[in-house]
Amino acid sequence: MSVVSACPGHASAFLARAAITAPSLHNTQPWHFVSDGDRGIELHALAERGLPLADPRGREMVLGCGAALFNIRLAMLHLGFRPLVDTFPDPQNLAHLATVTWGAYTRPAPEEQRLYAALGRRHTAHGPFLPQAPAPGLIEELREEVRREGAELHVVDDGADRRRLAELVRAGEDAHRTDATLAAEQAAWTWRLAQPRSDGVPADVDVLHPDSTALAGRDYAGLTGMFPTPPRRWPARTGLVALLGTDRDDLAAWLRAGQALERMLLHAAGQGVMAAFHTQPLEVSRLRTRIRQTLTAGQHPQMVLRLGYPPCVRPLPRRPVADVLS
C-alpha cells in the first residue's frame with residue numbers, strides 16, 4: 001500500500017499547504033480544495049472571493065488558482081508521484097478548474113526539487129528593489145520556464161517601451177484611485193495592524209509612497225491622499241520589467257498563464273529575486289488592449305511585473321489549510 005492510499009487526508013493537506021503559498025490579487029486567495037479520497041485533489045475557484053469590479057471576468061482569479069495548481073503539481077512530484085491533471089472536468093461547473101490525481105512513481109528532477117524548495121521563499125514585493133541587478137542570464141531562464149507552461153515572457157528593456165508601459169500603469173492606477181467603488185473594493189481587502197486577518201493586504205505592506213518607482217503601485221495605505229507627490233523617487237530601482245502573455249484569452253489560457261507565472265516566480269525566488277505586480281492597466285479594457293497592440297506582439301497580456309532583489313522580506317498571511325480543504 002502506498003503512503004498516499006494509507007493516509008489520503010494527510011496527503012491532501014500536504015498538497016493544499018503547498019498550493020496556498022501562491023499569489024493572488026489583493027491576496028484574496030480565491031481557491032478551495034476538495035480531497036478526492038486516495039485518488040487526488042480537486043481545485044475550485046471561489047466566486048465569493050473574486051473582485052467583481054476590478055476583475056469582472058474572473059481572469060485574475062483564475063490566474064491565482066493556476067498558480068496554486070502549479071504548486072499542487074510540484075508538491076506531488078516532491079512526494080515522488082507524477083501528477084495527472086484533468087482541467088475543467090465538469091462542463092456544467094467551470095468553477096471546478098482541475099482535478100489532480102496521483103500518477104506513477106517518479107523520481108523528482110533536481111530542478112523540480114529546487115522549485116519546491118522555493119515555495120517558502122517566494123513572496124510578493126512592494127516598492128523599490130535594491131540597486132543590484134539580477135544575475136546575467138536569469139531573463140533567458142525565466143523565458144524558458146514560462147514557455148514550458150505555454151506562455152511567453154516579454155521583457156520591456158527599451159526605454160521608449162518602458163515609458164509607454166509606465167504611462168499605462170499610471171493611467172490604470174489613476175482609474176482605481178479616482179473611482180470610489182473600485183477604491184472601496186480594494187479597501188475591503190486591506191487591513192490595519194490592530195485588526196489582522198489571514199487574507200488581504202496589510203495597509204503598511206510598503207512604508208514608502210506607492211509612486212516611488214517608475215511603475216505606479218497600489219495605494220493600500222492611502223498615502224496619495226496626504227502626499228499626492230512622493231517625497232523621493234527611485235526610478236533606477238524599478239528592477240527588470242516584463243509582461244506575461246498568452247496566444248488565447250479564455251479560461252484555459254488564464255489557468256495556463258497562472259501556472260507559467262508561478263513556475264517563473266519560484267525559479268526567480270530560488271535566486272533571491274522576487275516580483276512586484278502592476279496589473280492595474282490590465283483591469284481597464286482599453287488600456288489592456290493598448291498593451292496588447294504595442295508591447296506583447298499581439299499576445300493577450302496576463303501579468304505586468306517587476307523583478308529584483310527586495311530590501312526586506314514580508315510574506316502575506318494565508319488562510320489555514322482547514323479553511324480551504326474539505
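**Group meeting: a walk through the chain**

Let me begin at Ala47, which is found in the loop between strand E2 (40-45) and helix H3; helices (H or I, at least four residues) and strands (E, at least two) are DSSP runs, numbered from the N terminus. Please note that this is a predicted model, in which local features need pLDDT of at least 70 and side-chain atom pairs count only at pLDDT 80 or more, while totals for chains, interfaces and linings use all residues. Residues are numbered from 1 along each chain as its sequence is written, and side-chain values use heavy atoms, with hydrogens and water left out.

Is Ala47 buried or exposed? Ala47 is exposed, because its relative accessible area is 60%; buried means under 20%, exposed over 50%, and partly exposed in between, with a 1.4 Å probe and protein chains only. Its C-alpha atom is separated by 8.3 Å from that of Met61, a residue 14 positions away along the chain.

I turn now to H3 itself. Helix H3 covers residues 59-79, and its 21 residues should span 30 Å at 1.5 Å a residue; the end C-alpha atoms are 31 Å apart, which agrees. The expected span is 1.5 Å times one less than the number of residues in the helix. Of the 21 residues of H3, 19 are buried, so the helix is largely enclosed by the rest of the structure. Just after H3 comes Gly80, which takes a positive phi of about 100 degrees.

The next residue is Ala109, in the loop between strand E4 (96-105) and helix H4 (110-117). Ala109 is partly exposed, as its relative accessible area is 30%.

Let me close with the chain as a whole. It contains eleven helices and ten strands, and 57% of its 326 residues count as buried. A compact globule with 326 residues would have a radius of gyration near 20 Å, and the chain has 19 Å, which agrees; this radius is taken over C-alpha atoms, and the globule rule is 2.2 Å times the number of residues to the power 0.38. The C-alpha atoms fill a box of roughly 65 × 40 × 35 Å, taken along the principal axes. Finally, among contacts (heavy atoms within 4.5 Å) with a separation of 6 or more, 74% are between residues 24 or more positions apart.
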